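Please open the model in your viewer and keep the selection panel at hand. The tour below moves from one selection to the next and says what is there at each stop.

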Amino acid sequence: MSAIGSMPGLDPVIHAQARLRVMVALAALTAGDQITFPRLQQLLDMTAGNLSTHLRKLEDAGYVQITKTYQRRTPVTYVALTSPGLRAFEDYIAALRLLLPPTEQPGG
Amino acid sequence: MSADETGARLDEDSPLSAEESLALIERQQREVHRRLGVNVALFYGPWGAAYLLGFGAIFLTYPTAVAVRLPAAVAIAITVVLFASAVVITAVTGARAGRGLRGPSQAAGAMYGWSWGLGFCALGVVNTGVTRLGLPDDAVTLLWSGSSLLLVGVLYLGGGALFQDRFQYGLGAWMLLSGAVSVFAGVPGNFAVVALAGGGGLLLAAGYFALRPPRPRP
């Protein structure tokens, strides 16, 4: 199967390496948990600029929620997956599985 | 700099096949679990060492079948240093685990951490209060070793339930059993039971968690 370029049925917001990695990291958190921007950046080994760009695209799609707050007068940015984001991620994985060649039937 | 950025972007945005995409998801999931995961062995190893060597040293201050005899001061020094180190290592590991995270898992973890401190404060008050009424020395010793292991066991049962970890729950049951047996072993046998069964169980748990691959958070 030569699946090159934007594949039909695959969410283009998620189907890009960097954003896919962001989604995987956020989906790995306990439901309802939020992660700070620097910890997420460290988790993914991404530059701050690169991560911001991709987070903005994910936020525009409604997949992530970005909360800016203060802790001891220092600004802190928290990132978390939204419920539509989690659903989109699960749909994306289900769509990928459908694109795989069918597995061998046992005994066939 | 802009050339670098373009290069990185081209590479990152290069299209993925379904297979590549699924492989990337799996790789990234493993990496995230590894980096977010706590080194759980650090919650058990230092305590196992403290139980085994600390209570083992106290056991050796009594005249027993073992040929070695330790002065009480040495045994107490070993025990205090090892237990203080275990408290520090556990507290630092626990605090580091939540770095950069907030939400329900952090609240649950903090409450669980505090249950250890609260539980042992209450245990100290109760045991001291009972002891003040006048108990034989051996009874005081057995009261402390038995009740401490009982509390440790119950807290591991709770931890197993909270973190959905059957192994930790099993360790809790083992500590309850060790605590009960220690009381019937008498003095100084109770110290041998706490050191070998309690400390040994904790060290086995540390080994198990060191070898177990990182798991997703519940």
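This is a predicted model: local features need pLDDT of at least 70, side-chain atom pairs count only at pLDDT 80 or more; totals for chains, interfaces and linings use all residues.

Residues are numbered from 1 along each chain as its sequence is written, and chains are lettered from A and ligands numbered from 1 in the order in which they are written.

**Chain A as a whole**

Select chain A, which has four helices and three strands; helices (H or I, at least four residues) and strands (E, at least two) are DSSP runs, numbered from the N terminus. Read from the N terminus on, the elements of chain A follow the order α-β-α-α-β-β-α. Of the 108 residues of chain A, 33% count as buried, where buried means that 20 or more other C-beta atoms lie within 10 Å of a residue's own, exposed that 12 or fewer do, and partly exposed in between, with C-beta atoms placed from the backbone.

**The sheet**

Next select the strands of the open four-stranded sheet, whose order is β2(A)-β3(A)-β1(A)-β1(B), with antiparallel pairing; two strands pair if DSSP finds at least two bridges between them. At the edges stand β2 (64–71) of chain A and β1 (101–102) of chain B, each with a single partner strand, so one side of each is left without a neighbour in the sheet.

Which residue of β1(B) stands opposite A:Ile35? It is B:Leu101, and the strands concerned, β1 (residues 34–36) of chain A and β1(B), pair in the antiparallel sense over two bridges. A:Ile35 also stands opposite A:Val79 in β3(A), and β1(A) and β3(A) are again paired in the antiparallel sense over two bridges.

Moving to β2(A) and β3(A), you find antiparallel pairing over eight bridges, with A:Thr67 opposite A:Tyr78 in β3(A). These strands, β2(A) and β3(A), form a hairpin with two residues between them, and A:Arg72 in the turn has a positive phi of about 50°.

With 15 C-beta neighbours inside 10 Å, A:Ile66 counts as partly exposed. Leaving aside its neighbours within four places in sequence, A:Ile66 is in contact with A:Leu55, A:Glu59, A:Thr77 and A:Val79, a contact being two residues whose C-beta atoms, placed from the backbone, lie within 7 Å.

**A helix pair and the cores**

Select α1(A) and α3(A), which pack at an angle of about 75° with their axes 10 Å apart; axes are lines fitted to C-alpha atoms, for helices over the stretch in contact, and angles run from 0 to 180 degrees between N-to-C directions. The two helices α1(A) and α3(A) are therefore roughly perpendicular to each other (angles under 35 degrees count as roughly parallel, over 145 as roughly antiparallel, 65 to 115 as roughly perpendicular and the rest as oblique). Their contact is made by A:Ala18, A:Arg19 and A:Val22 of α1(A) and by A:Asn50, A:His54, A:Leu55, A:Lys57 and A:Leu58 of α3(A).

The largest nonpolar core has 32 residues, and those with the most contacts inside it are A:Val22, A:Ala25 and A:Leu26; such a core is a set of buried Ala, Val, Leu, Ile, Met, Phe, Trp, Tyr and Cys residues joined through C-beta atoms within 7 Å. At least two residues of this core come from each of α1 (17–27), α2 (37–44), α3, β3 and α4 (83–99) of chain A and α2 (18–36) of chain B. The most is given by α1(A), with seven residues. A second, separate core of 31 residues includes B:Trp47, B:Ile58, B:Tyr156 and B:Leu171.

**Across to chain B**

Show both chains: 29 residues of chain B are in contact with 28 residues of chain A. On the side of chain B that touches chain A, the elements giving two or more residues are α1 (2–13), α2, β1 and α5 (104–132) of chain B, and the largest share, twelve residues, comes from α2(B).

Finish with helix α6 (residues 137–162) and helix α7 (residues 166–185) of chain B, which pack at an angle of about 165° with their axes 7 Å apart. That makes α6(B) roughly antiparallel to α7(B).
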